[in-house]
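Visitor: Please walk me through this one. Start with how it is divided up.

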Amino acid sequence: MKSFKSIPGTFDILPEGHTSGGDLIAPVALWQHVEQVVRRVMAGYGAQEIRTPILEPTELVARGVGQLTDIVSKEMFAFERGSTNYVLRPEVTAPVMRSYLQHHLEQKGGVQKLYYIGPCFRAERPQKGRYRQFHQFGLEVIGASDARADAETIACAADIYQALGINDYRLRINSLGDENSRPRYKEALIAFLKPLEDELSEVSRGRLESNPLRILDTKNEKERQLLSDAPILIDFIDDESRAHYEAVKAHLTAIGIAFEEDPFLVRGLDYYSRTSFEFESDVLGAQGALAGGGRYDLLSTEVGSKKVVPAVGFAAGMERLLMTMHEAGLAALEESRLDVFMVGLGDAAADWIFPTAHRLRALGLTVGYDLKGRSMKAQMREANRRNARRVVVVGDDELENEIAQVKDMDQSEQHPVPFGELEQMLQP
Ligand code: HAM
């Protein structure tokens with residue numbers, strides 16, 4: 001018989017941690033813990049959760065993220081059904097903007113702060129920290145052009161890392177200017193690189209015409225050397241964008257957020273203007289980007305809005321966050337416990353345990369019992385494995401006398417408790 005495995009670049013999240021394709025996958029309780037922290041910090045910023053579909057129109061992503069980006073040109077899981085093109089969302093910013101426009105959220109007045117936690121899909125070559133199905137949490141602040149919105153977005157991400165004890169990261173920021181700045185810079189960059197073409201790697205040579213800004217991301221040492229004299233974007237941006245950038249930096253400084261300016265930080269998505277930023281982990285190696293984001297005032301009109309809707313946001317990878325926590329020894333969890341494990345011997349005991357467990361659960365207790373007709377010893381082993389606080393033991397004598405033996409596992413004490421007093425005694 002054929003057996004099945006999860007697709008490379010995807011993984012199961014199990015109650016207990018495990019390894020998948022050489023990577024550690026954290027236990028589900030740790031995912032839940034991080035999600036709780038994300039929700040708490042987001043609420044502190046006045047953000048509300050938004051849940052958009054996993055399936056979106058392909059054209060939304062193509063127009064939003066940009067035709068020439070890696071994401072759209074080679075990493076989309078897109079397919080056709082009837083006359084409709086669908087894509088598994090590779091990111092959530094364009095979907096959130098779609099939703100904002102579709103539901104006229106601007107009519108609610110004020111600024112919309114929307115956060116999300118959920119899966120994204122990119123057909124990349126799977127490797128450590130890079131998956132085909134991964135999870136992002138993120139915040140989109142829609143309707144504000146104020147530089148404080150940019151600083152607040154960055155602060156929100158920083159607060160989440162801090163709340164989880166992660167301090168080993170660097171925050172890099174840059175400004176991309178307005179819609180005219182990048183084309184001007186692109187020309188200057190091509191003019192600078194053209195005479196050096198022979199010294200560039202094959203990949204970079206290919207990018208020289210199609211997407212020269214991507215060359216700035218190169219990890220190739222020789223190319224980095226060449227780039228040290230390259231023109232920098234900040235010299236090509238408009239005055240308003242420059243003032244905005246100065247304000248963002250001042251606001252970050254005012255709240256004690258350390259950053260480095262990186263004139264080559266352009267990011268791999270086309271919708272950005274003005275602020276761009278990235279959080280980079282020191283412990284992750286090649287896939288070091290923990291989170292990224294920026295201002296995307298150009299996205300709304302790209303996806304059908306008549307008016308420009310100013311917006312800024314960030315998204316962070318859950319897997320890379322969990323890997324960083326693991327590397328930093330921050331992934332220890334309180335062991336999960338059952339309140340009660342019920343141990344019984346024989347059919348009559350099992351018939352008593354079933355409805356009793358149901359009543360105890362209705363009181364709010366977490367309750368387990370044997371479903372396999374195993375021996376008393378095996379049932380006690382399971383009670384230990386599930387780390388039960390109390391074990392209720394029932395055999396023939398107990399049934400006849402209507403008295404259960406209740407063992408307190410922490411104190412190693414055992415007391416007889418009449419059936420009629422059991423609920424009262426075990427009540428949380
Ligand atoms: P991004 O930089 O493409 O930005 O992704 C954000 C984060 O998602 C990355 O820093 C990384 O942690 C994680 N990530 C991306 N691809 C993968 C992958 N294949 N495997 C594991 N983790 C991955 C965006 O998606 C923008 N929407 C961010 C944004 C929000 N800009 C404005 N608002």
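Guide: Domain bounds here come from an automatic or database domain assignment. The model itself is predicted.

Visitor: OK, which domains does the assignment give?

Guide: Domain 1 (18–178 + 237–327), domain 2 (181–233) and domain 3 (340–426).

Visitor: And what separates the centres of domain 2 and domain 3?

Guide: A distance of 70 Å, taken over C-alpha atoms.

Visitor: Switching to the inside. How many residues are in the largest nonpolar core?

Guide: The largest nonpolar core has 97 residues, and Met42, Met97, Ile142, Ile160, Phe279, Phe314 and Leu321 have the most contacts inside it. Helix H5 (residues 147–163) gives the most to this core, with 10 residues. Domain 1 and domain 2 each supply at least three residues to this core.

Visitor: What does Ile142 touch?

Guide: Leaving aside residues up to four places away in sequence, the contacts of Ile142 include Met97, Tyr100, Leu114, Tyr296 and Pro310. There is also a second, separate core of 18 residues, with Ala349, Ile353, Val394 and Val406 among them.

Visitor: Where does the second largest pocket lie?

Guide: Between domain 1 and domain 3, because both give residues to the lining of the second largest pocket.

How values were computed:
Residues are numbered from 1 along each chain as its sequence is written. This is a predicted model: local features need pLDDT of at least 70, side-chain atom pairs count only at pLDDT 80 or more; totals for chains, interfaces and linings use all residues. Side-chain values use heavy atoms; hydrogens and water are left out. A nonpolar core is a set of buried Ala, Val, Leu, Ile, Met, Phe, Trp, Tyr and Cys residues joined through side-chain atoms within 4.5 Å. Buried means under 20% relative accessible area, exposed over 50%, partly exposed in between (1.4 Å probe, protein chains only). Helices (H or I, at least four residues) and strands (E, at least two) are DSSP runs, numbered from the N terminus. Contact means heavy atoms within 4.5 Å.
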